[in-house]
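I opened this notebook to record what I looked up in the structure, entry by entry. The structure is placed here before the entries.

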Amino acid sequence: MLDSILARMRQGYRTTPFPKGPGPKLPDRFRGAPLIASPGGTGCPAGCRACADACPTGAIAIGAVRANGGASRHEGSESLDAVGRDARNKEAGISFDLGKCLFCGDCERACPNSIISHSVDYRLSACSREGLVTAGGPPLLATPMSRKLLSVLGRSLKLREVSAGGCNACEADANVLSTIGWDMGRFGIQFVASPRHADGLLVTGPVTPNMELALEKTWKAIPEPKIAIAVGACAISGGLYCRDAAAGPDGKALKGAGAVIPIDLYVPGCPPHPLTTLDGLLRILGRIRER
Amino acid sequence: VTDQAFLFLANGSSCRLDAIPVHAMVDFIAAVTDSLAAGMRLSSWFAADPRGDGRLELFALLADDARNGLLVARSPVEGGSFPSISARFPQAQAFEREMAEEFGLVPEGHPWMKPLRYHPSWTGRDAWGRSPGAPIAPAVGDFYRVEGAEVHEVAVGPVHAGVIEPGHFRFQCHGEKVYHLEIALGFQHRGVERRLEGGPSRACLRIAETAAGDSTIAHGGAYCRVAEALSGGRSAVRADAIRGIALELERIANHVGDLGAIAGDTGYLPTSSFCGRIRGDVLNMTALLCGSRFGRGLLEPGGVAFDLDEARAAELSRRLGVAAREIGEAVDLMWESSSVMARLEDTGLLPPGTAAELGIVGVAARASGLARDVRYNQPYGIYRFSQIPVSTCDSCDVFARAFVRKLEIDRSMAFIEERLGNLPGGGLSSRLGAPVPSSFALALEEGWRGEVCHAAITGPDGRFARYKIVDPSFHNWPALAWALRGEEISDFPLCNKSFNLSYCGHDL
């Protein structure tokens, strides 16, 4: 007993002061929001597609903007008709879909002119799928839930986690938010065992055919009002598992959680850093508002 | 017999496909069973269509730990079936069900022939005679049942209470006592192996990194070494050392997390809280190396993508020192708490004979007294020059599995410290040529759970015609079921944590 008290004193108080104080220092090699040195693709050699070709998930689009500056469509992308409506992308030569991005750095290494780099900006969460498309820098950052939702969930948000084909990296770094280093319980956020006790669902993984029904049932078992959070490239877009449908189980492309349930918050990454996830959660709770 | 029947290959090497001995099925099965009876074990046992013409072959990959190498042989399959060896060698049972499910090949005489992952066959031929296109529901079908008055069944999952992956568990209980546990998996099946066909490519490397995401370095490393072997190239020497450091960091982080989780399941919160945090500190050391807490993006075929410069090595060494002290303190609290030890000792027994028979690998095998460790038995990369002692314990219980983890943390730390002071010079990565067509390559790694085995076959075009992954969990899930026999059902979480197996690594 005495030993455990002494150990407690030596180990000390270790919870991050974030968001009131600074979060844990991220390593210099951390790959956060991508940056483009010359917006509009002016610095790119004519016809260069090195970054897009190197991307393992097809997260990069080049010159996808139509001449009239109106709605555009990502090449090779199935779902993002709304992409070009984001004004920030209209002039973009290169755009990133952070919902597909693995932050692996393959584009950065492939770029012959060092135009692409990754910042250490961990703020990556958005409330809309289109908001995840950026021409460099953070996406359209998540905004607080409606006042009505906030009045119910704002100070007590219980989440049920479902891994639907996740590789256990997203799961592990979601789990870590409950440890003393992050202690998200201090914001009233907690993982619970039963969907009946939950206010929301946190989904990881590309949603395998064998998990589709379980995900749907878990979602239905959560009482209204409720929210859904997709964590990681797989859950947002299918990530690595959305390509090559023929190779998938049942000959299906895995398209992420949005194909099964409505998503209120997208947290990009492979896996997202815990700071990215916590930042996203605190943004929809209105506890972080700065852009 | 063995020497003529098999080709002997070192871990991380390749050969022309036609150099692998071909036998008629009856001789092939005899050679495999003779070797297993002589103490070798199945690292992999799979079917393939190596030429893409529908002529299926079975491949056997046996680990010959005593001679530090692997034995490979193959046999053409005639008539859509082959004789099952599972009744005599239970370590083959999941492999044979896998072949049945993937290729529609029937293992004749398999004692428990049910689907493994619940997906349609790749070939259109169905081993269970189900009509094509009929829906296949996961975990639906026969389960082993205990019958009698007051016997009841407890069904759990796929969605569990914690933040963990899905699987379905059926307990046959009488009161609190568990007579049998059957585990049905497949919920996480993403089609990893088929997505690797047509490789190698950058996307393949990224997919391999997610085969089991908590073992990114082990699976990514095995993939890189398969790609290197197929192209006749080799990794840079400096990269070998950095890979070794990353693999040991992965081991330390997960072992620390597991020790905390084991303490947590006995209700002992000090160790649980401290270890939960320290695990994060170790993940951050991997992030110091490559920016990702899980080692994503560190490896590439030929070497590594990030250097470990002097300043970084010094910082890593400093952090390891702090972690070593804090882990020691946190774990000692648990060892010294008699109420914790009472829960760990004699719980979840897995006798050595059973472990050997089931083909168990990694921490679970070593905690049952078996000296199985790829780093020692099948040395590769940096482990050829720098050995880590094999950590074993012979009490075969949850305590042994916890204790082996602590030993391994200490030894991995010492290994990293030594490497940090002796990093070889030279480049980070060597350029690889194109993969040699019609070849076979294999690579084993000792991930933190145990043996990770990757094998690839290239077609005449030099692309992967078959890519076979065996995660240690594939071998070890039956060990959890066995260890729970005769235990109280309330000890399930504790037993489960002591193995901490991967669902996605099994389901692929």
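**Entry on aromatic pairs.** I began with the rings, and the count came to 18 aromatic pairs over all chains. Rings of Phe, Tyr and Trp (its six-membered ring) pair if their centres lie within 6.5 Å; planes under 30 degrees apart count as stacked, over 60 as edge-to-face and the rest as tilted. I looked up B:Phe46 and B:Phe59, which form a stacked pair with 5.4 Å from centre to centre and 5 degrees between the planes. B:Phe46 lies in strand β3 of chain B and B:Phe59 in strand β4 of chain B, so this pair ties together parts that are 13 residues apart in sequence. Helices (H or I, at least four residues) and strands (E, at least two) are DSSP runs, numbered from the N terminus. Buried means under 20% relative accessible area, exposed over 50%, and partly exposed in between (1.4 Å probe, protein chains only). I also noted a cluster in which ring pairs link B:Phe169, B:Phe171, B:Trp477, B:Phe492 and B:Tyr503.

**Entry on the basis of the values.** I noted that this is a predicted model, in which local features need pLDDT of at least 70, side-chain atom pairs count only at pLDDT 80 or more, and totals for chains, interfaces and linings use all residues. Residues are numbered from 1 along each chain as its sequence is written, chains are lettered from A and ligands numbered from 1 in the order in which they are written, and side-chain values use heavy atoms, with hydrogens and water left out.

**Entry on the sheet.** I next examined the sheet that holds β3 and β4 of chain B. It is an open sheet of 4 strands in the order β1-β5-β4-β3, with antiparallel pairing. Two strands pair if DSSP finds at least two bridges between them. Why is one side of β1 and of β3 in chain B left without a neighbour in the sheet? β1 (7-9) and β3 (41-48) of chain B stand at the edges, and each has a single partner strand, so one side of each has no neighbour there. The twist averages 25 degrees from one strand to the next. I found that β4 (residues 57-64) and β5 (residues 69-76) of chain B pair in the antiparallel sense over 8 bridges. B:Leu62 has B:Leu71 in β5(B) as its bridge partner.

**Entry on the helices across the sheet.** Helix α2 (residues 25-37) of chain B lies across β3, β4 and β5 of chain B and runs at about 20 degrees to β4(B). Helix α3 (residues 93-103) of chain B lies across β3 and β4 of chain B, at about 10 degrees to β3(B). Axes are lines fitted to C-alpha atoms, for helices over the stretch in contact, and angles run from 0 to 180 degrees between N-to-C directions.

**Entry on phi and peptide bonds.** Most residues other than glycine have a negative phi, and most peptide bonds are trans. I therefore looked up the exceptions. B:Asn68, in the loop between β4 and β5 of chain B, has a positive phi of about 55 degrees although it is not a glycine. B:Asn68 is partly exposed, with a relative accessible area of 38%. A:Asp183 also has a positive phi, of about 45 degrees, and is not a glycine. The place of A:Asp183 is the loop between α5 (169-175) and β7 (189-191) of chain A, where A:Asp183 is partly exposed at 30%. The peptide bond from A:Glu224 to A:Pro225 is cis, with omega near -10 degrees. The bond from B:Gly199 to B:Pro200 is cis too, with omega near 5 degrees.

**Entry on B:Ser215.** I found B:Ser215 in the loop between α5 (202-209) and α6 (216-230) of chain B. B:Ser215 counts as buried at 3% relative accessibility. Which residues does B:Ser215 contact, leaving aside neighbours within four places in sequence? They are B:Glu250, B:Trp448 and B:Arg449.

**Entry on chain A.** Buried residues make up 59% of its 291 residues.

Conventions: Contact means heavy atoms within 4.5 Å.
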